[in-house]
Amino acid sequence: MKKFRSGLICLGVLILVFGYLAYVMGASNMLNTIMHTAHDLLLNTCFFLMAICVLMGALSRLLLDFGVVDLIGRLFKPLMKPLFNLPGESSLGAVMTFLSDNPAIITLARDRKFSKKFKTYQFISLTNFGTAFGMGLIVIVFMIGQGFVWQPLVGLFGAFVGAIVSTRLMQLFTLKEHPEYREQQAVAGGGNDAAVEEEQDNGQSAFVKILNALLDGGKNGVEVGMSIIPGVLIISTLVMLLTFGTSAAGTYTGGAYEGTELLPWLAGKINFVFEWLFGFDDPHLVAFPITALGAVGAALGVIPRFIAEGWVNGNAVAVCTAIGMCWSGYMSTHTAMLDSLGYRNLTSKAIGAHTIGGLVAGMVAHWTMVLISLF
């Protein structure tokens, strides 16, 4: 009966969504728009993102294999305790997730040599801490590629503040439910893979190590780029159907990027909230944070179209960078990450803390841009 009810609910939602779209746009136009939008996103957004992922993956692996990541981690180590209430070693996790994606923090956390430095409540908060920096380099490089040079750096600052809020809140929520975790030492399963990799690298010349790092990193970048494609095509296409309007002629033609403008209409009802919090001048921009909840790669997919429509300015880029980095698709990754650490029961706490952290990140980016504009 449970599966039967789930099936009915799923069918009802599908009928409601696509029935609404078909009613407004026409069934034929709706289907053509879906196909054309997905095709254009694949060619002009996904492959561009994949190229960035490959290049940044190669660079990230080179920095990792030659100890630059460890060096950066040591430089930021003194900031970890006063800002995040985490051991200094956690700075390495921030750098790794910034250069790659959210799950990198879990790979590191499952290393016993790393995890033994943490109390249990600190160890659990690594999920929020790592997610706040996930795909950061890719997000920033993508925004710079759209013609905005310094605004993404303001977004990086906002994401940093959001990471502090999210991590601290997660620690607070965890200790409130499990006070015993304050003094309990964290224990992680698995071995120390880093030692094995270091042993395998011995005896190789510098040229071979550089070549292997670039090629292996590029290969990982391809995998990241491939993993972005479903989110961009599925989530972004649906969001765009609910964000954009008719063609330039004022009719539906079945072309790419046509839609019903439902999201801007809803956002317009409370636009004063988004305008005060994030400085969004156009209600269409609310589509970015909504999409970033599920996948930051998909959220980036809407930016080029927003720029073409003239809805994006420097403030919007800073805010979207901050929210995109801090949220980084946490709705789709937090459950799996906490499950991997063995604390699935705290998923709702992690999601709640990170929701607040992302909102703070966007607000900080916006008001920082306001202060900059005054000077």
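So, helix H3: its buried residues pack against helix H2 (27-65), helix H4 (90-99), H8 and H10. By packing I mean contact, that is, heavy atoms within 4.5 Å. Buried means under 20% relative accessible area, exposed is over 50%, and partly exposed is in between, using a 1.4 Å probe and protein chains only. The helices here are DSSP runs of H or I with at least four residues, strands are runs of E with at least two, and the numbering goes from the N terminus.

Quick housekeeping. This is a predicted model, where local features need pLDDT of at least 70 and side-chain atom pairs count only at pLDDT 80 or more, while totals for chains, interfaces and linings use all residues. Residues are numbered from 1 along each chain as its sequence is written, and side-chain values use heavy atoms, with hydrogens and water left out.

Back to H3. This helix covers residues 68-84, 17 residues in total, and reaches 22 Å from its first C-alpha to its last, close to the 24 Å expected at 1.5 Å a residue. That expected span is 1.5 Å times one less than the number of residues. Which residues of H3 are buried? They are Val69, Gly73, Met80 and Phe84. As a reminder, an α-helix has 3.6 residues a turn, so residues three or four places apart point the same way.

H3 also has a kink of about 45° at Phe76, shortly before the proline Pro78. The bend at a residue is the angle between axes fitted to the seven residues ending there and the seven starting there. Just after H3, Asn85 takes a positive phi of about 55°.

Rings of Phe, Tyr and Trp (its six-membered ring) pair if their centres lie within 6.5 Å; planes under 30 degrees apart are stacked, over 60 edge-to-face, and the rest tilted. That rule gives 14 aromatic pairs. One of them is Phe133 with Phe160, edge-to-face, at 6.3 Å centre to centre and 65° between the planes. This pair links distant parts of the chain: Phe133 sits in the loop between helix H8 (126-131) and helix H9 (136-145), and Phe160 in helix H10 (residues 151-177), 27 residues apart. Phe133 is buried because its relative accessible area is 7%, whereas Phe160, at 24%, is partly exposed.

Now H10 again, for Gln151. Buried or exposed? Gln151 counts as buried, because its relative accessibility is 11%. Not counting residues up to four places away in sequence, Gln151 touches Gly314, Val317, Ala318 and Met369.

Another spot to look at is Gly217, in helix H12 (residues 206-241). At 1% relative accessibility, Gly217 is buried too. Its C-alpha is separated by 7.4 Å from that of Leu62, 155 residues apart along the chain. Leaving aside neighbours within four places in sequence, Gly217 contacts Val54, Gly57, Ala58, Arg61 and Asn212.

Last, the whole protein. We have 20 helices and 0 strands. The radius of gyration, taken over C-alpha atoms, is compared with a globule rule of 2.2 Å times the number of residues to the power 0.38. It comes to 22 Å, close to the 21 Å the rule gives for 375 residues, so the protein is as compact as a globular protein of that length. Buried residues make up 49% of the 375.
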